[in-house]
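Me: I'd like to learn how to read a protein model feature by feature. Could you walk me through one?

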Amino acid sequence: MKILISVCGEGFGHTTRCIAVAEELKNHYDIAFIAYGKSKNYIESLGYEVFETYPEIKLTGYEGKFDIKKSIFNKEYNPTKAIKREREIIKHYNPDLIISDCKYSTIIASKFLKKPYYIITNQNYTKTDKKEKFIVYPVMSMLNVINRSAEEVLVPDLPLPYTICEYNLKIIDNLEFIGPLIRYKPKNIKDGGYILSVIGGFEYRYRILKYLAEIAVKNDLNVKLVCGSWGVGRELESYVNKLTDNPKNIEIIPFTNNMEKLIKNCSFIVCHGGHSTIMEGISFGKPLIVIPDLNHPEQENNAKKVQDLACGITISHNEIEKLEMAINEIQNNKIYAENAKKLKKLCKQYNGRENIRKIISKRLKRKKRNLMTRIKQEYLRTIHKIRTKI
């Protein structure tokens with residue numbers, strides 16, 4: 001049986017959890033992807049068949065500020081174009097089932113072609129008092145109409161009250177918490193004595209990397225800075241060389257294929273408010289310092305929940321000078337590490353990879369049984385017609 005997985009390529013979190021799904025299912029089903037951009041290139045590098053499509057949105061921002069209006073409404077990217085392309089892909093590949101991670105053009109195409117689909121998302125509502133609500137609320141209301149049409153909406157998070165994306169969720173009838181969908185199976189975890197920064201390659205987060213490098217030089221801290229971009233990596237290296245003649249305690253990593261090792265051995269993580277990054281962190285039992293993008297309600301809500309669970313500290317992009325204080329607090333207050341380890345145990349109990357395999361297996365077995373029943377019924381009808389004519 002064939003499964004088609006469609007990925008929203010904005011940010012890398014959607015991609016990593018879809019890879020986790022594929023890795024769990026590939027021994028039982030034929031797997032192919034719909035993707036674009038860096039997401040497409042990365043999935044192809046892992047050996048999967050990937051059909052190229054178009055993005056629906058483009059994440060845009062400046063100086064730490066996320067521009068939700070420009071990200072959703074733009075001339076360069078057109079959902080209609082994506083829907084048309086994805087209808088062609090689905091007709092060509094003819095999957096038995098479609099899994100879409102926040103790629104709603106694929107869902108609409110699937111609905112047109114009457115293909116069953118599951119939706120993976122950590123956001124179907126966003127609690128916010130900011131002006132962005134006038135864009136976010138209507139969009140989310142529209143998406144929930146689509147969500148309700150799915151076989152199930154699968155939330156890759158812990159159940160309440162430990163849900164990281166709690167403030168970005170509205171409970172609907174077909175929503176199910178399945179646990180974290182992460183690429184790795186956490187084991188042999190230790191504290192290697194360094195801070196891991198996984199801020200990401202968007203240029204509007206660059207000043208966090210600069211400030212973290214300054215703190216590392218000032219306090220002789222070991223840091224590993226994952227940039228997600230060769231351009232950002234080169235720029236940061238030049239900046240660090242101006243700060244110190246001996247930057248041996250600062251490792252700049254433009255790209256990495258070994259994030260598992262980096263997370264497994266770090267002391268704690270400095271990250272933005274992306275859901276997948278946070279889920280990977282708590283799955284390894286690592287405390288977090290979360291710096292959400294400004295005017296990004298979803299990330300701000302994830303960060304707030306991290307603070308509420310006391311598994312990390314949240315600071316605003318407008319108060320980046322508090323980063324040094326937050327690092328000291330994480331290092332000296334054991335409560336964050338203790339709570340992160342408690343969440344790690346829950347993540348092991350609610351294994352998203354195992355759960356999605358069980359859900360998909362149950363659905364496809366039911367479909368196969370229904371098909372065999374229809375074949376048998378048709379066979380009996382044919383025999384009856386033949387006998388009647390005789």
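Me: Is Asp-293 buried or exposed, and what is its relative accessible area?

Reply: Happy to start there, with the reminder that this is a predicted model. Asp-293 has a relative accessible area of 1%, and under 20% counts as buried, so Asp-293 is buried.

Me: With which side chain does Asp-293 meet in a salt bridge?

Reply: The general idea is that side chains of opposite charge can pair when their charged atoms come close. Here the partner is Arg-205, at 3.0 Å from N to O.

Me: How many salt bridges does the structure hold?

Reply: There are 16 salt bridges. One of them joins the side chains of Glu-86 and Lys-103, with 2.9 Å from N to O. Glu-86 belongs to helix H4 (residues 79-93) and Lys-103 to the loop between strand E6 (97-101) and helix H5 (104-112), which makes this a link between distant parts of the chain, 17 residues apart. Both Glu-86 and Lys-103 are buried.

Me: Why are Asp-308 and Lys-304 separated by about one helical turn?

Reply: First the general idea: an α-helix has 3.6 residues a turn, so residues three or four places apart point the same way. Asp-308 and Lys-304 are four residues apart in helix H11, and therefore about one helical turn separates them. Their side chains meet in a salt bridge at 3.3 Å, N to O. As for accessibility, Asp-308 is partly exposed at 42%, and Lys-304 is partly exposed at 43%. Elsewhere, salt bridges with shared partners connect Glu-24, Arg-353 and Arg-357 into one network.

Me: Where is Arg-363 placed, and with which residues is Arg-363 in contact beyond its neighbours within four places in sequence?

Reply: Arg-363 is placed in helix H14 (residues 352-389). Leaving aside those sequence neighbours, its contacts are Leu-97, Pro-116, Tyr-118 and Glu-151. With Glu-151 there is a polar contact, side chain to side chain, at 3.0 Å. Arg-363 counts as buried, since its relative accessibility is 12%.

Me: Now for the rings. How many aromatic pairs are there?

Reply: The count comes to five aromatic pairs. When reading a ring pair, look at the distance between centres and then at the angle between planes. Phe-12 and Tyr-42 lie 5.0 Å apart centre to centre with 65 degrees between the planes, an edge-to-face pair. Phe-12 is in the loop between strand E1 (2-7) and helix H1 (13-25) and Tyr-42 is in helix H2 (residues 37-45), so this pair ties together parts 30 residues apart in sequence. Phe-12 itself counts as partly exposed, at 36% relative accessibility.

Phe-33 and Tyr-48 are also an edge-to-face pair, at 5.3 Å centre to centre and 70 degrees between the planes. Phe-33 lies in strand E2 (residues 30-35) and Tyr-48 in the loop between H2 and strand E3 (49-52), so parts 15 residues apart in sequence are tied together. Both Phe-33 and Tyr-48 are buried.

Me: In which sense do strands E11 and E12 pair?

Reply: A general point on strands: in a regular strand the side chains alternate between the two faces of the sheet. Strand E11 (residues 223-226) and strand E12 (residues 250-253) pair in the parallel sense, over four bridges. To get from E11 to E12 the chain passes through helix H8 (residues 230-243), and this β-α-β crossover is right-handed. Within the pairing, Leu-225 stands opposite Ile-252 in E12.

Me: How many residues of helix H10 are buried?

Reply: Nine of the nine residues in H10 (residues 275-283) are buried, so to read the helix is to see it mostly covered. Among them are His-275, Met-279 and Glu-280. Just after H10, Gly-285 takes a positive phi of about 70 degrees.

Me: And what percentage of the protein chain do buried residues make up?

Reply: Buried residues make up 53% of the 390 residues. The chain has 14 helices and 15 strands. Of the contacts between residues at least 6 apart in sequence, 69% join residues at least 24 apart.

Note on methods
Residues are numbered from 1 along each chain as its sequence is written. This is a predicted model: local features need pLDDT of at least 70, side-chain atom pairs count only at pLDDT 80 or more; totals for chains, interfaces and linings use all residues. Side-chain values use heavy atoms; hydrogens and water are left out. Two strands pair if DSSP finds at least two bridges between them. Helices (H or I, at least four residues) and strands (E, at least two) are DSSP runs, numbered from the N terminus. A crossover is right-handed if, with the strands pointing away from the viewer, the path from the first strand over the helix to the second runs clockwise. A salt bridge is a side-chain nitrogen of Lys or Arg within 4 Å of a carboxyl oxygen of Asp or Glu. Buried means under 20% relative accessible area, exposed over 50%, partly exposed in between (1.4 Å probe, protein chains only). A polar contact is a pair of N or O atoms within 3.5 Å; within protein, one must be able to donate a hydrogen and the other to accept it, and residues adjacent in sequence count only if both atoms are side-chain atoms. Contact means heavy atoms within 4.5 Å. Rings of Phe, Tyr and Trp (its six-membered ring) pair if their centres lie within 6.5 Å; planes under 30 degrees apart count as stacked, over 60 as edge-to-face and the rest as tilted.
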